[in-house]
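Visitor: I am new to this structure and would like to learn how to read it. Could you walk me through it?

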Amino acid sequence: MRRALLAITGLAAGTTALVVLKGAPQDRQVARELPAGVPVGTPDRTEPATPGATPQRTTATPRPTGRPDPTAGRTPAARRSTPGGDTGTRRTPAAGRTTAPKSTTRTVTGPVVSTEFGNVQVRITVSGTRIVDAVAVELPQGGQSDLRSDRVDAAYSGTAGDVVRQQGANLDTVSQATATSDGYRRSLQAALDQAR
């Protein structure tokens, strides 16, 4: 559909340019097309001679030389056929426009970080250069560790957690879960380093 639109637009532009450049036949004649040896302003015809009178010059239109007009049939944007059969005009990128890399989504898992209450491991999902999700793969379990781990997971993980909002590992420590928070940030930072 886009190629058809470009072809129609190119054809219309070429036809318009041809009409404008070609113009009326009398406008195409220029002084350089005069035959050799005919001075500019030489009359084509004179009024009937009367005895003792000098012929009066009339405005002459240049005579065609028989040479073809070198600009006839040309359009400013000549179309060329490409090996694939696509006939299109050249395209130049707009000034200042850069091509953005395609967004690729990938998942990176940080290392297991050992804390005094247990192991912590974080997995992040990155789209292009943005963190779009963070998940705690492993958190300390048992007794008070469950409570601390739940607080850390609720604060940091998920698509709306602090990791996604901050776009990095510079996170505030979760109250009463310093060791677990620190383990989470260390595993997260290692995953970020791998993703870059």
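Visitor: Which residues of H3 are buried?

Guide: An α-helix has 3.6 residues a turn, so residues three or four places apart point the same way. Buried means under 20% relative accessible area, exposed over 50%, and partly exposed in between (1.4 Å probe, protein chains only). In H3 the buried ones are Ser145, Arg148, Ser149, Val152 and Tyr156. They cover an arc of only 100° around the axis (taken from the directions from the helix axis to the C-beta atoms), which puts them on the same side of H3. Asp150 and Ala154 are exposed, on the face turned away from that buried side.

Visitor: What covers the buried residues of H3?

Guide: Look for contacts, meaning heavy atoms within 4.5 Å. The cover includes strand S6 (130-138), helix H4 (162-166) and helix H5 (178-195).

Visitor: How many residues are in the largest nonpolar core?

Guide: Such a core is a set of buried Ala, Val, Leu, Ile, Met, Phe, Trp, Tyr and Cys residues joined through side-chain atoms within 4.5 Å. The largest has 22 residues, and Ile124, Tyr156, Val163, Tyr184 and Leu188 have the most contacts inside it. H5 gives the most to this core, with five residues. Among the residues that Ile124 touches are Val108, Ile131 and Leu192.

Visitor: How many bridges join S5 to S6?

Guide: Two strands pair if DSSP finds at least two bridges between them. S5 and S6 run antiparallel and are joined by seven bridges. They form a hairpin with two residues between them, and glycine 128 in the turn has a positive phi of about 70°.

Visitor: What is the mean pLDDT of the protein?

Guide: pLDDT is the predictor's confidence in each residue, from 0 to 100. Here the mean is 75, and 53% of the residues reach 70 or more. Over residues 42-47 the pLDDT is below 50. Where pLDDT is low, the predicted coordinates should not be read in detail.

Definitions and conventions
Residues are numbered from 1 along each chain as its sequence is written. This is a predicted model: local features need pLDDT of at least 70, side-chain atom pairs count only at pLDDT 80 or more; totals for chains, interfaces and linings use all residues. Side-chain values use heavy atoms; hydrogens and water are left out. Helices (H or I, at least four residues) and strands (E, at least two) are DSSP runs, numbered from the N terminus.
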